[in-house]
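User: I would like to learn how to read the features of a structure, one at a time. Please give the general idea first, then the case at hand.

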Amino acid sequence: MIPFELLEPRSLREAVALLDAGEPSVRPVAGGTAIMLMMKLGVLRPARLVSLRAVEKRYSDITIGADGDLHIGAMATLTALERSPVVRKEIPVIFQALKTLSNVRVRNVATVGGHLAHADPHMDLPPVLIALGARVAIVDQKGERTMPLEQLHRGYLETTLKRGELIAEVIVPKQGARRAVYVKCTTRSADDWPALGVAVVLEMNGDTVRDARIVVSAATDIPTRLANAENALRGSRPDDVTLARVGEAGAAEAGVIGDTHGSAVYKRELLRVYVARAIRAALANQ
C-alpha cells in the first residue's frame with residue numbers, strides 16, 4: 001500500500017469536517033474490512049483516512065426509540081447486531097440473515113454503516129433492511145437528513161452520499177406481525193458471497209397477502225425492489241400457480257447482471273425459482 005495519513009477524530013461532527021476539507025482522496029474508515037482490502041489491491045489510494053472508531057459511543061448503540069422503531073448506530077458491529085436481544089426479539093429476520101453473513105472474524109469488525117456505505121451488491125443486509133422499510137440518518141456539517149435506505153445505492157460501489165456526509169444510524173420499523181425471510185444462493189459455502197439474495201416481507205390478512213415487499217440483490221447492481229412481482233402477489237391467496245406467476249414477473253423485470261458467481265442467464269433462472277421459494281418460507285414464518 002502507498003503511505004497515507006490516519007486521523008482519529010473524537011466526534012462524528014469532527015469526522016464530517018475532516019471529510020469535507022477539500023482533499024478529494026480522503027475516505028472515512030469504520031471497521032476497515034473492505035477499504036483495507038481495496039487499498040492492498042491498489043484499487044483505492046487515499047491520501048488520508050478518517051477513522052470513526054473514537055466517535056461518540058452512542059453511534060454504536062442498538063435501541064428501541066420512542067417511536068417504537070429499532071435504532072442501530074452506524075458504528076455497531078455486525079456481531080453486536082447478531083447478539084442483540086432487542087434485534088432477536090423485535091426483528092428476528094435480521095438475526096437469521098446474520099447467521100450466514102460472511103464469517104465471525106468479519107462480523108466482529110465490520111460495522112452496519114460501513115456495510116451499507118460500501119455498496120457492494122452482494123451484501124446481505126441491504127435487501128433485508130430495504131424490505132423492512134428501513135431509513136438511514138445522514139449527517140454533514142449543516143445538520144442531519146433522513147432518507148429511505150432503498151435510495152442510498154446508486155450503482156456498483158457507489159452511493160448517493162455527498163462529499164462530507166456520513167451515515168449516523170439506521171432506523172428500522174419493528175417486524176411485528178409481518179412475516180419476513182431472507183434466502184440466498186451461494187456457489188460455495190453457506191457464508192460465501194451470494195449469487196442471488198432475496199428478502200421478502202409480507203403483511204397478511206388471514207390467508208390473503210395484504211401487502212408485499214420483495215427485494216433482490218447480488219443478481220443486480222444495486223438492491224432492487226421487484227414492483228411487478230409485489231403487485232402480482234398483493235391481494236392473493238398464494239398457491240403454486242400464483243407463486244410461479246410472481247417468480248416469472250420478478251425474473252422478467254429485474255435488470256440481472258452476471259459475474260464470477262454466475263452468468264446473467266443463470267441468475268435470472270435462480271431469481272425465478274428463489275422468489276417463489278422465499279415467499280413460501282415467509283408464509284411458513286408465523
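Analyst: Start with surface patches. Patches are made of residues with over 30% relative accessible area and no salt bridge; like charges are joined within 9 Å, nonpolar side chains (Val, Leu, Ile, Met, Phe, Trp, Tyr) within 5 Å. Accessible areas come from the Shrake-Rupley method with a 1.4 Å probe, and for residues only the protein chains shown count as cover. A salt bridge is a side-chain nitrogen of Lys or Arg within 4 Å of a carboxyl oxygen of Asp or Glu. Here, Leu37, Leu41 and Val43 form a nonpolar surface patch with about 320 Å² of accessible area together.

User: What kind of model is this, and how are residues numbered?

Analyst: This is a predicted model, with residues numbered from 1 along each chain as its sequence is written. Local features need pLDDT of at least 70, side-chain atom pairs count only at pLDDT 80 or more, and totals for chains, interfaces and linings use all residues, while side-chain values use heavy atoms, leaving out hydrogens and water.

User: How do I read a helix against its burial? Take H11.

Analyst: Check the length, then the cover. The expected span of a helix is 1.5 Å times one less than its number of residues. Helix H11 (residues 264-284) has 21 residues and reaches 30 Å from first C-alpha to last, close to the 30 Å expected. Its buried residues include Lys267, Leu270, Tyr274 and Ile279.

User: What covers the buried residues of H11?

Analyst: Contact means heavy atoms within 4.5 Å. The cover includes strands E11 (179-186), E12 (194-205) and E13 (208-217), along with helices H9 (227-233) and H10 (240-253).

User: How many residues of helix H8 are buried?

Analyst: Eight of the eight residues of H8 (residues 125-132) are buried, so the helix is largely enclosed by the rest of the structure. Among them are Pro126, Pro127 and Ile130. Gly133 follows H8, with a positive phi near 85°.

User: Which residues other than glycine have a positive phi?

Analyst: Ser102 is one of them, with phi near 55°. Ser102 is in the loop between helix H5 (92-98) and helix H6 (104-109). At a relative accessible area of 21%, Ser102 is partly exposed. Ala218 also has a positive phi, of about 70°. Ala218 lies in the loop between E13 and E14. Its relative accessible area is 1%, so Ala218 is buried.

User: How many salt bridges does the structure hold?

Analyst: The structure holds 18. Take Glu5 with Arg48: their closest N and O atoms are 3.2 Å apart. The pair links distant parts of the chain, with Glu5 in strand E1 (residues 5-7) and Arg48 in strand E3 (residues 48-51), 43 residues apart. Glu5 is partly exposed at 38% relative accessibility.

User: Where are Arg135 and Asp69?

Analyst: Their side chains meet in a salt bridge at 3.5 Å, N to O. Arg135 is in strand E6 (residues 135-140), Asp69 in the loop between strand E4 (62-64) and strand E5 (70-73), and the two are 66 residues apart. Arg135 is partly exposed at 28% relative accessibility. Asp69 is buried at 14%.

User: Which residues are linked in a network of salt bridges?

Analyst: Glu150, Asp211, Arg213, Arg225, Glu230 and Arg234. Within it, Glu150 bridges to Arg225, with closest N and O atoms 3.7 Å apart. Glu150 lies in the loop between strand E7 (143-148) and strand E8 (153-155) and Arg225 in strand E14 (residues 224-225), so the pair ties together parts 75 residues apart in sequence.

User: Last one: is Ser84 buried or exposed?

Analyst: Ser84 counts as buried, at 7% relative accessibility. Ser84 lies in the loop between helix H3 (78-83) and helix H4 (85-90). Ser84 and Ile62 are 22 residues apart in sequence and 7.5 Å apart in space, C-alpha to C-alpha.

Technical notes:
Helix = DSSP H or I, 4+ residues; strand = E, 2+ residues; numbered from the N terminus. Buried < 20%, exposed > 50% of the residue type's maximum accessible area, 1.4 Å probe, protein only.
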